[in-house]
Amino acid sequence: RGFLTGLERGILGREFGRRQKLPVGALEHRRRFLKLALQAKMKFGSVKVYLDGTLLNSDHQVDPFTVETVRELEARGVRFIIATGRHYRDVVGIRKVLGIDAYLITSNGARIHAPDNERIYARDIAPAAVRRLAQPDLAGSERVIVNLFADDAWLIDRHAPELLAFHQDSGFDYDVMDLREHDGENIAKVLYIGEPDDLKVT
């Protein structure tokens, strides 16, 4: 509140809306995003954004007007930080589509990378915990899919091609393996995917 005048907001809205015809709701959403991003930049110097439900649309992809908007904001000095539970390699691909030099906080905070891909923070799950979490009896129903996020790989206990729809922009893919044989080293995240009724309560 108080960072941008009504005139400045109007200029921003015309500048970013004139380049392509957008539905009224989409244009208003962009104006709101622009305003909040520029306010955050003025106050904090950077903007933290999420992917699913924020930069990605309902098809889990980046819209062209989102690409244009974040690039314009970066050109105005806004520094982006992308925070997500997704794997680092997945987010690198999405960042490339966005075309911005963003910091990446991935695997729910277990990995942090600079815009040049230098890893500046890593915290792994204890190997013994990973080995226990990878056991099928702990996951619950056999319908539950068990995933491990290693540094450069997404390891999964069975083929699940339906999950690839979430990674269209990056092309990120999984490797199937018997997770019971994994030594538990260098794992940033363990993820169960399944219906709530199928997940075992312990």
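Asp152 is exposed, with a relative accessible area of 60%; exposed means over 50%, buried under 20%, and partly exposed in between, with a 1.4 Å probe and protein chains only. The model is predicted, so local features need pLDDT of at least 70 and side-chain atom pairs count only at pLDDT 80 or more, while totals for chains, interfaces and linings use all residues. Residues are numbered from 1 along each chain as its sequence is written, and side-chain values use heavy atoms, with hydrogens and water left out.

Back to Asp152. It sits in the loop between S6 and strand S7 (154-156). Leaving aside neighbours within four places in sequence, Asp152 is in contact with His87 and Arg89, where contact means heavy atoms within 4.5 Å. Between Asp152 and Arg89 there are 6.5 Å, C-alpha to C-alpha, for a sequence separation of 63 residues.

Is His87 buried or exposed? His87 is buried, because its relative accessibility is 2%. Its place is the loop between S2 and H4. Not counting residues up to four places away in sequence, His87 touches Thr106, Ser107, Phe149, Ala150, Asp151, Asp152, Ala153, Trp154 and Phe172. A polar atom of the His87 side chain also lies 2.9 Å from the backbone nitrogen of Arg89. That is a polar contact in the sense used here: a pair of N or O atoms within 3.5 Å, where within protein one must be able to donate a hydrogen and the other to accept it, and residues adjacent in sequence count only if both atoms are side-chain atoms.

Next, H4. Eight of the eleven residues of H4 are buried, so this helix is mostly covered. The buried ones are Tyr88, Asp90, Val91, Val92, Gly93, Ile94, Arg95 and Leu98. They pack against H3, S2, strand S3 (103-106) and strand S4 (111-113). Just after H4, Gly99 takes a positive phi of about 75 degrees.

Which residues touch the most other members of the largest nonpolar core? They are Leu51, Phe80, Ile82 and Leu98, in a core of 21 residues. A nonpolar core is a set of buried Ala, Val, Leu, Ile, Met, Phe, Trp, Tyr and Cys residues joined through side-chain atoms within 4.5 Å. At least two residues each come from strand S1 (46-49), helix H3 (64-75), strand S2 (79-83) and helix H4 (88-98). H4 supplies the largest share of this core, five residues. There is also a second, separate core of ten residues, including Val130, Leu155, Leu179 and Val190.

Thr69 is buried, at a relative accessible area of 3%. A polar atom of its side chain lies 2.6 Å from the backbone oxygen of Phe65.

Then the loop between S3 and S4. Most residues other than glycine have a negative phi. Ser107 is not a glycine, yet has a positive phi of about 50 degrees. It lies in the S3 to S4 loop and counts as buried, at 5% relative accessibility. Asn108, in the loop between S3 and S4, has a positive phi near 55 degrees. Asn108 is exposed, with a relative accessible area of 58%.

On to the pocket. The largest pocket holds about 280 Å³ of space. On a 1 Å grid over the protein atoms alone, a pocket is an open set of points where a 1.4 Å probe fits, with protein on both sides within 12 Å along at least five of seven lines; lining residues have an atom within 4 Å of a point. Grid points are joined across faces, edges and corners, and the volume is the space filled by probe spheres set on the points. Of the 15 lining residues, Phe149, Phe166, His167, Leu191 and Ile193 are the closest to the pocket centre. Strand S6 (145-150) and strand S9 (187-193) are the elements that give two or more residues to the lining, and S9 gives the most, with three. By type, the lining divides into seven nonpolar, four polar and four charged residues; Ala, Val, Leu, Ile, Met, Phe, Trp, Tyr, Cys and Pro count as nonpolar, Asp, Glu, Lys and Arg as charged, and the others, Gly among them, as polar.

Last, the whole chain. It has six helices and nine strands, and 42% of its 202 residues count as buried.

Methods
Helix = DSSP H or I, 4+ residues; strand = E, 2+ residues; numbered from the N terminus.
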